Amino acid sequence: MSLTIKRMESQPTLFAARPTRLSLQQLSLGDAQNRAVSVNVWRNHALESIVSLAQPYFAFGRWQVAFNFGDYDDSLMFAGREAADLELLWLDSSRYLANTDFAAWSEWLLTRLSVLRAASNVPIIVATWLQNAEQYQRMQALVDTLPDIYFADIGSVCAEAGVELLDMRIAVATGSPVSNAAQPLLARKLACHWLPAALSPPIKALALDLDNTLHKGILGEDGIQGVELTPQHKALQESVKALQKKGIFLALVSRNERVDVEDLFAQRDDFPLKWDDFAATEVSWGSKASAIARVAQALRISPDAVLFVDDNIGELADVTSQLPQVHAIHAHENAELTRRALEYYPALWRWKVTADDVKRNQDMKANALREALLTEVTDPEEYLRNLQVTLVFNQSPQEHLSRLADLCKKTNQFNLAMRRFSLSELTERYNSENSAVACVQLKDRLSDSGIIAVIVAERHGDLLIIEELCISCRALGRQLEDTIVLWTIRHLPQFQTCEQVCFRVQHGPRNQPAQAWLAGYLQVAPDAVQEGLNGIPRQTLEQFTPVQSVQLIEE
């Protein structure tokens, strides 16, 4: 509990509008990190002081990060490279642009990124600053030409905060022209946004307390018109709503009378958040840990994808002691601090928001209607016919590889091999003759679920090995798993010459649904599925008949 309290007490310092060097250096959050990662740094100016300031943020996120610093090298030779979880290019662009124009430099940089991409399949971040909007757009276009490379715009971080990025007076002494004022901001951006967004499974849901979190006051004591929506609480609600529009699930977890809370949201027109914005609601006098566990189950996500926000440190400590995988932040009396803590909480920020992300909330709401329909009909064919289900199979999903990498990273329950393929690894297999990457889209009359499945296969002689099989939890429970998996594999070009299909299995903490599905075809008990390769005969797929009431489309 003491560590939880220490983390909560550190929030005003970590998430101040402008954190200071001294305040960060004085923080001590202990060493209870639960994730270790390594980062290769290829640079032409110093990063060490920023890494030092980033340490309390890493500790807050419970990360232990080892940075492998290369020598200062404008030529980016990547000498002495060793395996790491991430490659970071930390570049002073002015050293290049003083001697050449942007077009020539960017062309040269692309060749160096290609060399690094060929040597490494982990995410690459290019962090630098540029001179104008056109250069920023061209740099973004440049990194988009190669898989799994991200442009970290150092200049915009300082511009948004109103801080000067460069101070040439300190360049010689410190090895970098980045100003002292900019360094804490960049440390926070590096530790809270750039690295977690490239490496960490994302936060998928916010579980929000109500009283003294989303408004000031206590509903049961102050009444509907008595609770106050301060300007800071209004800004907090607006930022939460913005996250919801980007695909983050919202859940309300409150100790109140449910009818009072429903009346609050119905009558307070000034609240940016509305009752319908919440994908799950748990309003009762029971345990909040149990409520959050039910929220995760209702949203079909793991508790480690939930961020709990509450003004009561005792509640936070109780929840994190019972559900240690749940993330938590303290809702401060000054809601602006809470808003900023949400803004910077590791793994909540994304490099980009996809169309499928935006569909997530609507699709989850539609799931409630689907489940209600399932209780009304007993014939699975009639159920699917009523929903007007369409599956779209795509064996050339080049434009969707980024989404497929996200699916590999995010899926836990129906993820058979837990390979967590990166975008670079998927691209490599997509371009290989002996490999195949395929995906499936799902839609019905209630919603468009977008891409919900990815299959990665490799041919080895007369064996076709399914190296990865992921189905989004949003698509489970519709009795479509057989058609999604077997129909896709049967239409892969590599299937036509194989004699047996083998599924690679790795036991994970939550992938029992995928193992149970495979156990049915192996004719064994779910807990008897072994790690490694598990084969089923080719005839099983050839004789498979898809669900008749579903429209199947090949793209």
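Is T320 buried or exposed? Take a look at the close-ups of this predicted model to find out.

**View 1. T320 sits in helix α14.** With a relative accessible area of 16%, T320 is buried, because buried means under 20%. Now skip the neighbours within four places in sequence, and T320 is in contact with T4, V326 and A328.

**View 2. Helix α14 runs over residues 313-322.** An α-helix has 3.6 residues a turn, so residues three or four places apart point the same way. What do the buried residues of α14 pack against? Their partners are the helices α1 (2-14) and α13 (288-299), plus β9 (306-310) and β10 (327-330).

**View 3. N312 caps the N-terminal end of α14.** Zoom in on this end, and you'll find a side-chain oxygen of N312 sitting 2.7 Å from the backbone nitrogen of G314.

**View 4. The second largest pocket has a volume of about 610 Å³.** Of the 24 residues that line this pocket, K189, H193, E343, Y344 and W349 are the closest to its centre. Which helix gives the largest share of the lining? That's α15, with six residues. Helices supplying at least two residues each are α7 (154-161), α9 (182-199), α11 (231-245) and α15 (335-344). Sort the lining of the second largest pocket by type and you get 12 nonpolar residues, two polar and 10 charged.

Methods
Residues numbered from 1 in each chain as written. Predicted model: local features only at pLDDT ≥ 70, side-chain atom pairs only at ≥ 80, totals over all residues. Heavy atoms only, no water. Buried < 20%, exposed > 50% of the residue type's maximum accessible area, 1.4 Å probe, protein only. Helix = DSSP H or I, 4+ residues; strand = E, 2+ residues; numbered from the N terminus. Contact = heavy atoms within 4.5 Å. Polar contact = N/O pair within 3.5 Å; in protein donor to acceptor, adjacent residues only side chain to side chain. 1 Å grid on protein atoms, 1.4 Å probe; cavity = no way out; pocket = protein on both sides within 12 Å on 5 of 7 lines; lining within 4 Å. Points joined across faces, edges and corners; volume = space filled by probe spheres on them. Nonpolar A, V, L, I, M, F, W, Y, C, P; charged D, E, K, R; others polar.
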